[in-house]
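Let's take a walk through a protein structure together. Have the picture open, and we'll go step by step.

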Amino acid sequence: MMRHFLAALACLMLLATPLRAQDSFGPVQTLLQQHRDAIVKSSRKTIEPAIAALAGSGLASVAQVLEKWQDKALWVREADGLFVYAAPQGDALALTDIDSGEALGSVPKADATQIKPNSGIRSLIAAALVQFQLSDPDPARRLAALDAIARDPSATQLAPLRAAIADETDPAVKAQKERLERLLTLRFDPDEAARIAAIASFRGDLGQDVRAALNPLVATTRRTAAGGVPEGENVARLLTPGGADLPLSEAQALLVAAGALQPVLTIAERRTALVANVDGGSVGGFAVADLDTETARVLAYEALEASGKVPPAASDAEVTAALAAHVFYDAYAEPSALVATEAAAVLRSAETRIAINQAIDLTLDALSLASIYFLAAIGLAITFGVMRVINMAHGEFIMMGAYTGYVVQQVIANYTVSILVALPVAFAVTFLAGVVMERLVIRRLYHRPLETLLATFGISIALQQLAKNIFGTQARPLTSPAWLDGALTFNDVVSISYIRIAIFVLALVFLAVFLFIMKRTRLGLEVRAVQQNRAMAASMGINPDRINMLTFGLGSGIAGIAGVAIGLFAKVTSELGSDYIVQSFMTVVVGGVGNIWGTLLGATMIGFLQKGIEWLNPSNTLAAQTYMIIFIIIFIQFRPRGIIALKGRAAGD
Amino acid sequence: MIAFNPRNTSLLIFLGLLVIFTVAVTLMSEAYGPGLVSTSFVKTLGKTLCLCLVALAMDVVWGYTGILSLGHFAFFGLGGYMIGMWLMYARTEDIVIASFANSPLPPTPEEIVTGIATQIFGVVGASELPPIWVFAHSFWAQMALVVLVPGVLALVFGWLAFRSRVTGVYLSILTQAMTLALALWLFQNDSGLRGNNGLSGLQNLPGADAIPQSLISIWFFWASAAALAAGYLLFHWVVSGKFGSVLRGIRDDEARVRFLGYPVEGFKLFVFTLTAVVAGLAGALYYPQAGIINPAEVAPIASVYLAVWVAIGGRGRLYGAVIGAAFVSLVSSWFTGGRAPDVNLGFATIQWVDWWLIVLGLSFVAVTILAPKGIGGLFDAFQGLRTPDRKGAPLGPDEGALQEKEAVK
């Protein structure tokens with residue numbers, strides 16, 4: 001009787017509280033009130049049922065509630081314990097009803113309590129929000145939600161993601177959703193067949209996301225066991241100790257970690273142990289002075305071990321026995337053998353395709369390097385190839401062109417305009433420099449190539465120092481226009497920056513210009529005539545001095561333009577030219593002096609060689625250059641006159 | 001016996017002057033005299049004598065044989081590296097053994113080697129001796145390598161180049177490429193020679209800590225002077241007599257010498273290799289005085305400078321190479337050492353540290369064009385020697401041939 005009374009009293013009390021009006025709550029408010037304690041307490045440990053109930057309710061405004069909650073805009077009104085949205089309005093708060101969205105007037109801040117979810121709870125809310133965002137009317141938000149899942153995939157997202165696919169209207173977003181669904185399936189689906197199907201569907205896909213999803217499936221751990229491989233292990237492969245994949249030291253460490261072997265002492269550890277046990281000039285019965293070989297130290301340690309003064313250590317015989325008694329293997333962390341095998345197969349096929357694509361990428365790299373060498377060498381192909389003048393200052397003409405580009409950029413702020421202006425200005429500057437040098441120096445040394453080499457070297461060091469005095473030793477930037485930034489990307493592996501494409505195009509343009517001048521113009525005709533027979537050309541009314549001057553100027557001017565191009569991707573310093581001079585000469589010599597196609601072939605060969613060697617030994621570009629030069633020296637043995645040799649009648653030919 | 005040219009007394013004059021110079025410097029040094037010449041300047045003079053020796057070698061290969069090699073300074077540097085390996089190893093060994101003196105256990109041989117390797121290669125993040133250091137503990141083995149490494153490299157390279165008839169500027173470019181390849185190789189950290197750190201502390205001779213540097217420097221100065229004298233004698237012998245005539249013939253007209261039945265490739269290979277060995281020995285004397293060697297020393301530009309010295313001194317005469325090397329390197333170090341007074345032009349001040357290279361480069365152009373005989377031409381003028389009248393034609397058709405104005409009638 002008493003109990004009934006108390007119960008009725010309790011009911012009355014309960015009804016008397018502000019919660020009395022429960023029937024009149026909207027559905028969301030009802031739900032929130034049911035989990036009131038958990039929400040107000042705001043503890044990550046207890047909040048999950050509340051979030052799950054909200055997310056699983058299927059109510060339309062749940063997404064908004066979760067967002068407001070996440071943004072700390074969810075408050076509890078002190079007066080009646082109602083959950084409300086609140087926005088600060090001066091010193092007060094403007095309240096809004098959760099279900100109806102009606103304004104509830106404003107209250108002072110003291111009359112409401114803010115729900116403050118910590119970061120752990122906010123991330124739980126965010127995860128719950130994903131399913132709502134996945135069907136958000138705004139496609140951008142749907143994509144953002146997909147990105148969020150892709151960044152941090154988990155098993156719980158699989159169901160909402162699948163649910164969101166059918167209603168998707170945007171084909172692009174739908175494709176992304178389906179792709180992500182397969183990525184999640186292959187990791188989290190409980191059904192093995194579904195996982196294998198999802199994995200197989202990615203065969204031939206080069207995406208990094210696929211590789212990232214597959215790699216954990218084929219991750220292995222290295223284990224050892226006595227006798228044979230235990231049941232239930234998903235073995236990737238067996239290993240032989242001392243083989244290429246399992247060095248002896250690692251096998252020993254595995255055995256020690258498995259407790260099957262006493263620790264193997266390093267030299268330093270043994271030494272420390274012995275030092276700690278020095279006792280009046282002897283260790284374990286051995287005189288300290290005698291312990292100057294490893295053999296003696298091992299004996300001394302064994303003596304100490306026998307007397308129990310040091311922890312036992314494995315001897316060589318014990319190591320051998322333990323190695324023989326154990327098998328070593330890599331085991332998949334993934335329990336399903338079929339899934340692991342399929343993932344490994346798909347990854348292998350991806351690797352093949354990646355290798356092909358890397359080869360294409362390498363080819364593009366090599367082409368762009370070849371065009372840089374070609375650009376640097378084409379001026380030399382004129383001065384050295386046509387005129388047989390060794391110009392060691394060629395590199396400094398390249399540098400001069402690059403600095404001209406830099407100076408022009410200081411005057412003209414617009415990068416596009418400044419580059420377009422810099423090209424002809426650089427040509428003019430280096431053309432003039434070349435003409436002056438030809439008149440003052442080269443002209444007096446025709447047919448004296450070795451003296452020319454040394455004299456132009458003198459000019460080269462003078463020009464380099466002059467540039468250093470004017471521009472200082474620090475690198476000057478030559479900035480490319482914005483439209484040359486970025487790269488042309490074909491897929492995750494193959495891409496090439498626009499600036500390299502531009503240099504490739506520039507190299508082709510130069511080839512065309514050179515061929516046009518030499519084969520189609522009066523100047524080219526006269527240049528060839530002077531080159532073949534100076535006296536005869538002179539008697540035909542050609543002025544050889546003028547032609548030589550113009551030819552040299554042309555070669556130097558092209559070096560200047562090459563300088564602008566090279567300066568765009570390399571820092572402009574006074575040593576810019578000398579970095580290219582030996583390679584440029586190599587290019588001309590390897591290709592065959594006096595033939596522009598030879599220079600082109602030479603540049604291509606050197607570019608591809610260097611990239612190829614770099615690919616074989618990616619960590620070391622210096623060694624790559626060394627090997628390349630050695631290769632060229634040997635190549636010259638077999639074709640001393642270059643790839644395309646001009647036939648001559650001299651005794652040496 | 002050495003075939004003395006009765007018209008040419010330059011050998012005796014040179015050796016006499018060298019002896020007088022050596023004695024004079026010794027008597028003015030801090031070690032054996034009042035100290036008028038500082039120890040650091042004795043080192044500079046000793047180094048200069050080594051540079052004179054490598055310039056001599058360059059003159060024989062370029063001035064007498066017509067091969068403009070842009071690789072002889074690489075051989076010089078290789079010699080330095082070889083002796084540097086022993087100096088660094090032996091000195092580090094002393095340090096490591098000394099550091100073990102107070103340890104409770106006597107060191108094992110393995111521990112000593114590991115200690116040395118850690119000391120030497122710590123800077124490039126390695127702690128094992130690379131295989132090429134296998135002889136570094138032995139002075140005599142490394143001395144043999146001083147001769148063998150440049151010699152074998154020159155022999156192989158020369159054999160490849162000469163047998164395929166690479167001549168003239170092509171050969172110059174090829175030797176320059178070889179030098180660049182070597183320098184790039186040395187620049188990398190896993191070359192086993194400490195990358196761009198190079199070998200350092202070479203001025204400290206192992207086991208000679210008690211001997212003051214003033215004494216050591218004068219000893220090296222004597223050794224350098226003796227090496228220069230020996231080298232001068234050797235090369236004088238090589239370039240005089242019939243052998244020298246063949247070399248000059250190869251320089252001026254290689255094809256004709258070949259048609260006369262001489263094995264031109266053999267002569268060139270002999271001279272190329274011999275001069276490379278001498279260059280290596282000069283380097284082995286130079287770098288203990290310099291104290292440090294790094295790959296920048298081997299860079300192609302150094303070999304071009306070598307040719308510059310020979311040209312300024314006057315190529316094709318042994319004393320010319322010595323004068324050129326001594327003059328240019330001493331004047332260079334005077335100007336770049338900051339001791340030369342600035343020139344105030346009113347509108348600008350010329351600081352020689354910045355402008356010296358420009359003056360050097362341009363004066364080099366001027367010498368090449370205006371005075372092909374270089375400083376050696378002064379001696380010809382003094383002796384009343386004139387150039388032959390060949391109507392402007394050089395002595396032969398080859399690229400290395402002497403010009404009319406370079407020759408002596």
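A helix here is a run of at least four residues that DSSP labels H or I, and helices are numbered from the N terminus.

Is B:Ile95 buried, exposed or something in between? A residue counts as buried with 20 or more other C-beta atoms within 10 Å, and as exposed with 12 or fewer. B:Ile95 has 15 C-beta neighbours inside 10 Å, so it counts as partly exposed. Now look for B:Met178, which is 83 residues away from B:Ile95 in sequence. In space, the C-alpha atoms of B:Ile95 and B:Met178 are 37 Å apart.

Let's zoom out to chain B as a whole. This chain has 14 helices and 4 strands. Along its principal axes, the C-alpha trace of chain B spans about 85 × 55 × 50 Å. For 409 residues, a compact globule would have a radius of gyration near 22 Å, and the 23 Å of chain B agrees with that. Of those 409 residues, 47% count as buried. If you take the contacts in chain B between residues at least 6 apart in sequence, 75% of them join residues at least 24 apart. As for confidence, chain B averages a pLDDT of 88, and 98% of the residues score at least 70.

How do two helices in chain B sit against each other? Two packed helices are described by the angle between their axes and the distance between the axes. Take helix α8 (residues 241-252) of chain B and helix α10 (residues 264-290) of chain B: their axes come within 11 Å and cross at roughly 105°. Sorted by class, the contact of α8(B) with α10(B) has 6 nonpolar residues, no polar ones and 1 charged one.

Now on to chain A. You'll find 26 helices and 12 strands in this chain. The radius of gyration of chain A is 40 Å, well over the 26 Å that the globule rule gives for 653 residues, so chain A is more spread out than a compact globule. Its C-alpha atoms fill a box of roughly 140 × 90 × 55 Å, taken along the principal axes. Buried residues make up 38% of the 653 residues in chain A. Among contacts in chain A with a separation of 6 or more, residues 24 or more positions apart account for 67%.

Chain A has its own helix pair to look at. Helix α16 (residues 337-386) of chain A packs with helix α23 (residues 544-569) of chain A at an angle of about 170°, with the axes 9 Å apart. The two helices, α16(A) and α23(A), are therefore roughly antiparallel to each other. Among the residues of α16(A) in this contact are A:Ile372, A:Leu375 and A:Gly379, while α23(A) brings residues including A:Phe552, A:Gly555 and A:Ile566. The contact of α16(A) with α23(A) has 13 nonpolar, 5 polar and no charged residues.

Stay in helix α23 of chain A for a moment and find A:Gly567. With 28 other C-beta atoms within 10 Å, A:Gly567 is buried. Which residues does A:Gly567 touch, leaving out those up to four places away in sequence? They are A:Ala402, A:Gly405, A:Tyr406, A:Leu478 and A:Val572. A:Tyr406 is 161 residues from A:Gly567 along the chain, yet their C-alpha atoms are separated by 8.5 Å.

How far can you trust chain A? Its mean pLDDT is 82, and 95% of its residues reach 70 or more. Over residues 14-22 of chain A, though, pLDDT stays under 50. Residues 649-653 of chain A are also below 50. Where pLDDT is low, the predicted coordinates should not be read in detail.

For the complex, the predictor gives an ipTM of 0.86 and a pTM of 0.78.

Note on methods
Residues numbered from 1 in each chain as written. Chains lettered and ligands numbered in written order. Predicted model: local features only at pLDDT ≥ 70, side-chain atom pairs only at ≥ 80, totals over all residues. Axes fitted to C-alpha atoms, helices over the stretch in contact; angles between N-to-C directions. Nonpolar A, V, L, I, M, F, W, Y, C, P; charged D, E, K, R; others polar. Rg over C-alpha atoms; globule rule 2.2 N^0.38 Å. Contact = placed C-beta atoms within 7 Å. pLDDT = per-residue confidence, 0-100. Parallel < 35°, antiparallel > 145°, perpendicular 65-115°, else oblique.
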